[in-house]
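Dear colleague,

I am handing over the structure below, together with some notes on what turned up when I went through it. Please read the notes with the coordinates open beside you.

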Amino acid sequence: MVNKKFYITTPIYYPNDIPHVGHAYTTIAADILSRWFRIRGYDVFFLTGTDDHGKKIALAAEKAGKSPKKFTDSLIPKFKEAWKKLNIKYDRFIRTTDKDHEKIVQEILQKTYDKGDIYKGEYEGYYCIGCEAYYTEKDLENGCCPIHKTKIEKLKEETYFFKLSKYQKALLDFYKKNPDFISPKNRRQEIINRVKEGLNDLSISRTSFNWGIPLPFDKKHICYVWQDALYNYYSATRQKGKEKYWPTNIHLIGKDILWFHSVYWPAFLISAGISLPNCVFAHGWWTFDKEKISKSRGKVINVDELVAIAGVDSARYFLFREGVFGEDSDFSEKILIERHNNELANKLGNLVSRVTNLAEKNQIQKTTNNLLKKLKLKQIEKLIKNYELDKALNLIFEFIDICNEYVQNKKPWETKDKKVLYELVDSIKAIAILLWPFIPETSEKIAKQIGFKIKFDEIKKPIPANKIKKSEILFKKI
RNA sequence: AGCGGGGUGGAGCAGUCUGGAGUGCUCGCGAGGCCCAUAACCUCGAGGUCGGUGGUUCAAAUCCACCUCCCGCUACCA
């Protein structure tokens with residue numbers, strides 16, 4: 001039997017950023033889902049990467065005295081290290097400078113051009129020479145550049161346009177037929193309303209700089225950011241053996257780029273005659289101690305800082321337990337530590353500690369695990385399939401409480417009941433397997449300690465009545 | 001301005017779609033229990049007219065209308 005496939009992506013990030021909590025959130029979410037579908041037996045392809053092209057990069061490279069390629073090469077390790085640090089297991093790290101990507105982008109652009117969806121025109125905007133960038137009217141302050149405070153001029157540039165307006169109806173039809181395409185559903189109406197208001201054609205090329213992919217039908221022009229970037233999701237599946245993964249099951253993104261993914265992206269694909277992704281899931285933003293994260297105000301928390309607070313697993317756990325997946329949440333070091341202490345150390349850690357200790361002293365004896373019946377496995381599976389990660393975690397931790405209660409009520413330290421201890425050890429196994437996508441390091445420690453494999457089917461397989469040793473402390477309190 | 005989201009015991013949140021005793025979670029507070037465990041764990045309790053007004057209904061936090069306050073988005077900007 002052929003396994004079902006699951007293809008998941010994160011956005012490709014701008015490499016001159018420092019990987020921070022926002023990047024980490026999306027990427028961990030993708031990691032959790034891909035791990036989950038892997039243990040459920042799916043053939044998973046998890047893609048992340050960087051968007052190396054664009055004017056900002058070209059300028060930053062110039063400033064650093066490097067070629068853009070060399071410059072981005074030097075930035076990529078930061079991201080790879082961050083993901084390693086967060087225990088993220090992606091299948092490919094794509095860069096928009098990858099040869100296979102460039103080739104695919106050009107092929108599709110040519111196709112789109114041949115179809116007549118790209119035409120030459122003029123782009124008009126407010127151009128600041130100091131910034132070497134265009135601004136929209138509302139960006140200006142009294143007609144001046146917001147950064148240089150200098151008078152700004154209206155400039156025209158020859159550019160190619162994509163006929164986005166042509167796809168208004170097709171998009172609306174598509175949304176109607178695929179109600180889950182834009183998720184969570186409260187964002188859906190927002191997009192639909194805006195699309196109904198009408199779509200402008202999209203300027204897709206620039207001649208003012210050359211760090212990008214040249215248009216195949218006019219080499220003077222380079223493809224401008226979005227088209228180049230969005231196609232990465234597709235080009236990654238044009239590699240040999242990877243074709244089966246298209247279309248994407250879920251594009252995980254931040255709500256700030258939902259418009260591009262739910263409007264431009266399907267329009268580009270329809271135009272190129274490519275089948276459309278199943279779902280674009282826009283999650284919320286992190287505020288920091290109730291304030292919006294902004295670099296200028298120093299309210300960013302980067303991956304190193306995040307992990308330094310209480311470790312990888314606590315960070316991963318916190319991000320998905322705090323708040324509803326899909327909505328905004330507030331990041332606070334204090335609350336992360338609270339959750340680490342109260343939930344991971346006191347509930348989960350302590351449960352493992354007391355049970356393994358009792359099991360070491362008294363041994364365990366195989367029996368039917370009635371305790372496990374209280375685990376709402378079906379519901380948990382359903383929640384994760386609907387990407388309701390916070391709710392799934394709630395149910396798993398509800399079961400941890402039930403286990404702690406069970407220890408309390410059955411008093412195995414008094415009765416020395418080997419069967420009760422067996423039930424508990426077997427239940428911890430189930431907990432560890434279910435938590436593996438969220439806190440892999442901890443689950444693996446538990447698995448090693450008790451002696452089982454992290455596979456979904458193992459949840460229902462009775463654990464062999466091995467000798468158990470008291471576990472080390474899983475989460476030290478802070 | 002338009003569109004979207006929100007206002008639930010002291011704090012932070014679920015619950016609202018698919019109405020059914022104010023149910024639940026984390027923390028804080030009060031009392032007790034346990035002693036296996038990471039001074040952890042378990043039980044009980046105090047505390048809310050579910051933003052306001054009106055409507056539908058046998059029944060509304062939940063559905064409808066209006067009002068009020070908070071927050072976000074408004075496009076070629078990753």
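A residue is called buried when its relative accessible area is under 20%, exposed when that area is over 50%, and partly exposed in between. The model is a predicted one, and the notes that follow should be read with that in mind.

On confidence, chain A has an average pLDDT of 85, with 90% of the residues scoring at least 70, while the predictor assigns the complex an ipTM of 0.84 and a pTM of 0.91. The stretch to treat with caution is residues 294-298, over which pLDDT stays under 50; for these residues the model has five contacts beyond four places in sequence.

As to backbone geometry, two residues other than glycine have a positive phi. Asn87, with a phi of about 65°, sits in the loop that runs between α3 (68-85) and β3 (92-95), and because its relative accessibility is 15%, Asn87 counts as buried. Lys416, whose phi is near 55°, belongs to the loop between α15 (412-415) and α16 (418-435), and with a relative accessibility of 48% Lys416 counts as partly exposed. There is also a cis peptide bond, with omega about 0°, between Trp246 and Pro247, and Pro247 is placed in the loop between α8 (232-235) and β12 (250-254).

Thr97 may also be of interest to you, in the loop between β3 and α4 (99-114). Its relative accessibility is 7%, so Thr97 counts as buried, and its side chain makes a polar contact of 3.0 Å with the side chain of Asp52. When neighbours within four places in sequence are left aside, the residues in contact with Thr97 are Asp52, His53, Lys69, Glu102 and Trp211.

Finally, on helix packing, the axes of α11 (residues 312-321) and α17 (residues 440-450) come within 7 Å of one another and cross at roughly 120°. Angles of 65 to 115 degrees would count as roughly perpendicular and those over 145 as roughly antiparallel, so α11 is oblique to α17. On the α11 side the contact is made by Val312, Asp313 and Arg316, and on the α17 side by Pro440, Glu441 and Thr442; taken together, the residues of this contact comprise two nonpolar, one polar and three charged.

Notes:
Residues numbered from 1 in each chain as written. Chains lettered and ligands numbered in written order. Predicted model: local features only at pLDDT ≥ 70, side-chain atom pairs only at ≥ 80, totals over all residues. Heavy atoms only, no water. Axes fitted to C-alpha atoms, helices over the stretch in contact; angles between N-to-C directions. Helix = DSSP H or I, 4+ residues; strand = E, 2+ residues; numbered from the N terminus. Parallel < 35°, antiparallel > 145°, perpendicular 65-115°, else oblique. Contact = heavy atoms within 4.5 Å. Nonpolar A, V, L, I, M, F, W, Y, C, P; charged D, E, K, R; others polar. Buried < 20%, exposed > 50% of the residue type's maximum accessible area, 1.4 Å probe, protein only. pLDDT = per-residue confidence, 0-100. Polar contact = N/O pair within 3.5 Å; in protein donor to acceptor, adjacent residues only side chain to side chain.
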